[in-house]
Amino acid sequence: MKRGSRGSGLVHDTNQQAANAAFLRCEKNFQKFMPINKNAFARYGWIDECLLRRKRPWPIEALMEFISEKMADFGVGREGGISKRQVQEDIKQMRPGGMTGYEAPIEYDRDSKGYFYSDPTYSIRNSPLVSNDAPVLRQALAMLQQFQGLGLGDELGDIVKRVEEHLQARPDVQTSRQLVWFEQVPDYAGAHLLGPLYQAIRERQMLALRYRPFDAPEAYEIHVQPYLLKQYNHRWFLIGTGTGRAGVSNFALDRIEGLEPVTNATYVPPPADIEARFADVVGVSVPSEGSVVERVLLRFRAGRGRYVRTKPLHPSQRLEVENAEFIEVSLKVIPTQELETLLLGFGEDLEVLAPSSLRARISERLQAANGKYQQ
């Protein structure tokens with residue numbers, strides 16, 4: 001717009017004011033629905049900590065100093081501490097009508113120029129659940145009950161029971177249907193062992209397992225240091241070290257026929273990289289010593305490739321080439337039996353380009369499978 005005439009300036013000012021008002025409305029609505037981050041929750045807790053010291057009202061400068069010191073101690077927030085505007089905004093959100101739901105009775109004493117709780121018994125740590133919390137808790141409860149069905153033990157069952165009792169005690173809570181459902185195998189043979197194994201891992205207890213692999217005629221006993229429970233392809237596995245076995249192994253729960261604690265046994269803690277070891281594999285195969293991560297290059301037919309692009313085979317997956325005919329992706333993994341099985345499932349839609357050893361192995365298995373149909 002050209003500047004000059006008084007009339008055009010008024011139009012410009014009016015438009016600018018309208019735009020500013022619209023922006024402020026959008027910002028206010030955005031803030032209303034924006035999730036509260038963990039740093040904000042920390043600040044609310046520190047403000048609460050101050051206001052619980054009821055000897056005197058807290059001036060805004062004292063709150064700023066206290067919160068800034070806490071932020072420095074915990075390494076959160078920005079350098080230089082917290083601003084006056086941020087503390088005032090936090091107090092606003094903690095008060096009745098704020099987005100926190102705390103409904104905190106924070107008052108301002110003009111004589112001492114400080115903030116205080118008008119209710120001497122109040123603390124945000126004592127805040128009851130509000131009606132808006134109920135749907136979230138019910139969904140979380142339903143998910144917990146699914147894991148409870150897998151046998152995670154009496155401790156989780158007690159938590160579920162207490163949450164249920166609380167929600168049932170509130171007449172204003174509406175029962176909501178389940179919105180999240182995990183894929184499960186209801187009659188999985190090893191589900192009843194999840195609870196005892198979970199307890200053994202937590203209590204650092206060596207176990208004696210009666211274990212029978214699929215290819216063994218009968219079970220044998222092995223002492224195991226239990227480290228981790230891992231699920232893959234609808235089956236559960238115990239990860240640990242077994243006597244007579246080199247390194248870390250996995251034990252399928254549906255192959256465990258019995259277990260009992262080994263008394264007076266020294267527990268050997270897991271290797272420091274126990275969880276990281278699975279970062280480079282597909283499945284539950286524990287890489288052997290000396291295993292090397294390789295770049296696996298895969299070419300998919302375009303239609304199937306778009307599926308793989310949106311549902312990666314491994315967190316390391318990267319898109320390399322995409323055109324109308326095919327899509328190429330790369331993985332950085334240690335080749336395992338589970339990886340081969342996964343790739344074979346794509347049939348004619350996939351060609352393994354690299355490494356040559358994996359390409360040859362997939363080719364051999366496909367030829368062997370094809371041979372069965374040529375007889």
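Hi everyone, here is a short tour of the packing in this predicted model. Residues are numbered from 1 along each chain as its sequence is written, and side-chain values use heavy atoms, without hydrogens and water. Local features need pLDDT of at least 70 and side-chain atom pairs pLDDT 80 or more, while totals for chains, interfaces and linings use all residues.

Let's start with the largest nonpolar core, which has 28 residues. By nonpolar core I mean buried Ala, Val, Leu, Ile, Met, Phe, Trp, Tyr and Cys residues joined through side-chain atoms within 4.5 Å; buried is under 20% relative accessible area, exposed over 50%, and partly exposed in between, with a 1.4 Å probe and protein chains only. L197, L209, L238, F251 and L253 touch the most other members. Leaving aside neighbours within four places in sequence, L209 is in contact (heavy atoms within 4.5 Å) with residues including Y220, L238 and F251.

Apart from that core lies another, of 25 residues, among them M71, V87, I91 and I106.

Now for the aromatics: the whole structure holds nine pairs, counting Phe, Tyr and Trp rings (the six-membered one for Trp) with centres within 6.5 Å; planes under 30 degrees apart are stacked, over 60 edge-to-face and the rest tilted. What is the arrangement of Y211 and Y220? Their centres are 6.4 Å apart and their planes at 75 degrees, so this pair is edge-to-face. Y211 is buried, at 7% relative accessible area, whereas Y220 is partly exposed, at 31%. Elsewhere, ring pairs link F41, Y44 and Y102 into a cluster.
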